[in-house]
Amino acid sequence: QSQFVESGGGLVQPGGSLRVSCTSTDTRLEYIDIGWFRQAPGKVREGISCIKSTDRRLYADSVNGRFTIGRVRAKNTVYLQMNSLSVEDTAVYYCASPCQIAEVDSWGQGTQVIVST
């Protein structure tokens, strides 16, 4: 059974915004490092953002300044607010722990984000 469940993906126009969310029914996300990853068709999965248990936030250069990661503790949720989206952001977005992609044991279904006119 997948530990994390992603939601909130959809179709958005270039320049638009979208918020994707990550939650878990058996893990308290407040106390662990959570990363957001994405995989575009024909490309390898890449890490794009991370929120540490200390609340330190990290971003890949490709999304820095456009994306914001955060926690809603009351809902046991980690979100990724995506602004100024471009076609190059089209991908399936995943959340997982920890933030180092080589250390992730399993992946959920992800949520698809399509940026298109």
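Q: Which residue owns the backbone oxygen that the side chain of Arg71 reaches at 3.2 Å?
A: This is a predicted model, in which local features need pLDDT of at least 70 and side-chain atom pairs count only at pLDDT 80 or more, while totals for chains, interfaces and linings use all residues. Residues are numbered from 1 along each chain as its sequence is written, and side-chain values use heavy atoms, with hydrogens and water left out. Arg71 belongs to strand 7, where a strand is a DSSP run of E of at least two residues, and a helix a run of H or I of at least four, each numbered from the N terminus. The backbone oxygen reached by its side chain at 3.2 Å is that of Leu29.

Q: With the side chain of which residue does the side chain of Arg71 make a polar contact at 3.0 Å?
A: A polar contact is a pair of N or O atoms within 3.5 Å, where within protein one atom must be able to donate a hydrogen and the other to accept it, and residues adjacent in sequence count only if both atoms are side-chain atoms. Among the residues that Arg71 touches, not counting those up to four places away in sequence, are Ile51, Lys52, Ser53, Asp55 and Arg57, a touch or contact meaning heavy atoms within 4.5 Å. The side-chain partner at 3.0 Å is Asp55.

Q: Is Arg71 buried or exposed, and at what relative accessible area?
A: Buried means under 20% relative accessible area, exposed means over 50%, and partly exposed covers the range in between, with a 1.4 Å probe and protein chains only. Arg71 falls in the buried class, because its relative accessible area is 11%.

Q: What is the phi of Asp55, the side-chain partner of Arg71?
A: Asp55 sits in the loop between strand 5 and strand 6 (57-59), and it counts as partly exposed because its relative accessible area is 29%. Most residues other than glycine have a negative phi, and most peptide bonds are trans. Asp55, which is not a glycine, has a positive phi near 80 degrees.

Q: What is the volume of the largest cavity?
A: A cavity is a set of points on a 1 Å grid over the protein atoms alone where a 1.4 Å probe fits but cannot get out, a pocket is an open set with protein on both sides within 12 Å along at least five of seven lines, and lining residues have an atom within 4 Å of a point. Grid points are joined across faces, edges and corners, and a volume is the space filled by probe spheres set on the points. The structure holds one cavity of 30 Å³ or more, and the volume of the largest cavity is about 30 Å³.

Q: How many residues make up the largest nonpolar core?
A: A nonpolar core is a set of buried Ala, Val, Leu, Ile, Met, Phe, Trp, Tyr and Cys residues joined through side-chain atoms within 4.5 Å. Trp36, Phe67, Val78, Leu80, Met82 and Tyr93 touch the most other members of this core, to which strand 3 (18-23), strand 4 (34-39) and strand 9 (91-96), among others, each supply at least two residues. The number of residues in the core is 23.

Q: What is the volume of the largest pocket?
A: Its lining includes Arg38, Gln39, Ala40 and Pro41, together with Val87 and Glu88. These lining residues divide into five nonpolar, two polar and four charged. The volume of this pocket is about 160 Å³.

Methods. Ala, Val, Leu, Ile, Met, Phe, Trp, Tyr, Cys and Pro count as nonpolar, Asp, Glu, Lys and Arg as charged, and the others, Gly among them, as polar.
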